[in-house]
Structure formats: structure tokens, C-alpha cells
Amino acid sequence: MQRFRTITLPVLLGLACFGCGTAYLPVESIDERSHGTPLSRSEYQRSGDLTWRLGDVERTGDALRIDFSLTNGTSTPVRQGMLRVILYGPDGEQMTGRLPFSGIGVGRSRALSARFAAVPFRVADLGLEIIYVSP
């Protein structure tokens, strides 16, 4: 029974992360927000840092899709982690959602997509925070 659990849990986590690519992110309330470390936006890999590069941004009605790549410039592969995607409006509005990710080797990038179902303001900027990573 124990062997079944150790095999099943990684498979279920992988399927859950795979499914998040098409699902909308649950929006965090202010009370749900925990600590996070801001990630730098960079066109190039930075040694010793996780960084991100913006790709396509598409708005359809109130829904918003943000494509970006996450780059691992550290010396340790990242097995899995959780990001906070932060949307900033021109008048101080903010909206955040959590996005799980998995499998980024040393010196590698991973394409990710964050989808929000309803963004009631114009997005002027966005940011990413790392909530946790598991090497």
C-alpha cells in the first residue's frame, strides 16, 4: 500500500499541474496572500536567479491570458513550486492568483500560462513572486 501512495502522489500532482495550463487561476483575497519573493523580469538568463520573460498577453472580454517563460539560472534543478501572478491596474488596483509549476532543470526555461476569468480593470503592469520551490 505504501508503494502505491508514493507512485500515485507524484502522478496526481503532475496531472494537477498539467491541468492548470488551461484552467483559470483562483483569485486570492488579501487575507489569503502569504509571503512571496519578487522575481526579476529579464530577457536573458541570470546566473544564480530564477527570472521570467513576458510572452503574449491576450484579453478576451473580461478574461485575460498571460504567457511567460520561467528561467532557472541557479545551480539546482527545481522539481516543483508555486508562483503568485500579480496584476496591477493604473489606479492602484491589484489582483493575484497562484500558479503551480514543475520541472525546470539547471539553465533551462519552462513556458507557462496564467489565465484569469474576470479582470475588472485595465492591466498596466504585472509581476511574479515565488511562494515556494522544491529542489
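What follows is a chat about the strands, the core and a few residues of this predicted model.

User: Before I look at details, what is the mean pLDDT of the chain?

Analyst: The model is predicted, and the mean pLDDT of the chain is 86, with 84% of its residues reaching 70 or more. Over residues 1-21, however, the pLDDT is below 50, and beyond near neighbours in sequence this stretch has 6 contacts in the model. Where pLDDT is low, the predicted coordinates should not be read in detail.

User: OK, now the open sheet: what is the order of its strands?

Analyst: The order is β1-β7-β6-β9-β2, five strands in an open sheet with antiparallel pairing. At the edges are β1 (27-28) and β2 (37-38), each of which pairs on one side only.

User: And β6, which strands does it pair with?

Analyst: Strand β6 (residues 78-88) pairs with β9 (residues 125-134) in the antiparallel sense over 9 bridges, and 10 bridges join β6 to β7 (residues 94-104), again antiparallel. Leu87 stands opposite Leu126 in β9.

User: What sits between β6 and β7?

Analyst: The two strands form a hairpin with 5 residues between them, and Gly92 in that turn has a positive phi of about 90°.

User: How many residues of β6 are buried?

Analyst: In β6, 8 of its 11 residues are buried, and the strand is mostly covered.

User: Switching to β5, why is it called largely enclosed?

Analyst: β5 is described that way because 10 of its 10 residues are buried, so the rest of the structure largely encloses it. Ala63, Arg65, Asp67, Ser69 and Thr71 point one way from β5, while Leu64, Ile66, Phe68, Leu70 and Asn72 point the other way, and all are buried.

User: Which strands are its partners?

Analyst: β5 pairs with β4 in the antiparallel sense over 9 bridges, and with β8 in the antiparallel sense over 8 bridges.

User: Ser113 then, buried or exposed?

Analyst: Ser113, which lies in strand β8 (residues 109-116), counts as buried because its relative accessibility is 15%, under the 20% cut-off. Its side chain is joined to that of Asp67 by a polar contact of 2.8 Å.

User: What about the largest nonpolar core, how many residues does it have?

Analyst: That core has 24 residues, and those with the most contacts inside it are Phe68, Leu83, Leu87 and Phe116. β4 (50-60), β5 (63-72), β6, β7, β8 and β9 each supply at least two of its residues. In soluble globular proteins, nonpolar side chains tend to be buried together.

User: Which residues does Leu83 touch?

Analyst: Leaving out residues up to four places away in sequence, Leu83 touches a list that includes Leu39, Phe68, Leu70, Leu112, Leu128 and Ile131.

User: Last one, Ile131: where is it found?

Analyst: Ile131 is found in strand β9, and at 11% relative accessibility it counts as buried. With residues up to four places away in sequence not counted, Ile131 touches Ser34, His35, Met82, Leu83, Arg84 and Arg98. The C-alpha atoms of Ile131 and Pro38 are separated by 9.0 Å, although these residues are 93 residues apart along the chain.

Notes:
Residues numbered from 1 in each chain as written. Predicted model: local features only at pLDDT ≥ 70, side-chain atom pairs only at ≥ 80, totals over all residues. Heavy atoms only, no water. Helix = DSSP H or I, 4+ residues; strand = E, 2+ residues; numbered from the N terminus. Buried < 20%, exposed > 50% of the residue type's maximum accessible area, 1.4 Å probe, protein only. Polar contact = N/O pair within 3.5 Å; in protein donor to acceptor, adjacent residues only side chain to side chain. Pairing = 2+ DSSP bridges. Contact = heavy atoms within 4.5 Å. pLDDT = per-residue confidence, 0-100. Core = buried A, V, L, I, M, F, W, Y, C linked by side-chain atoms within 4.5 Å.
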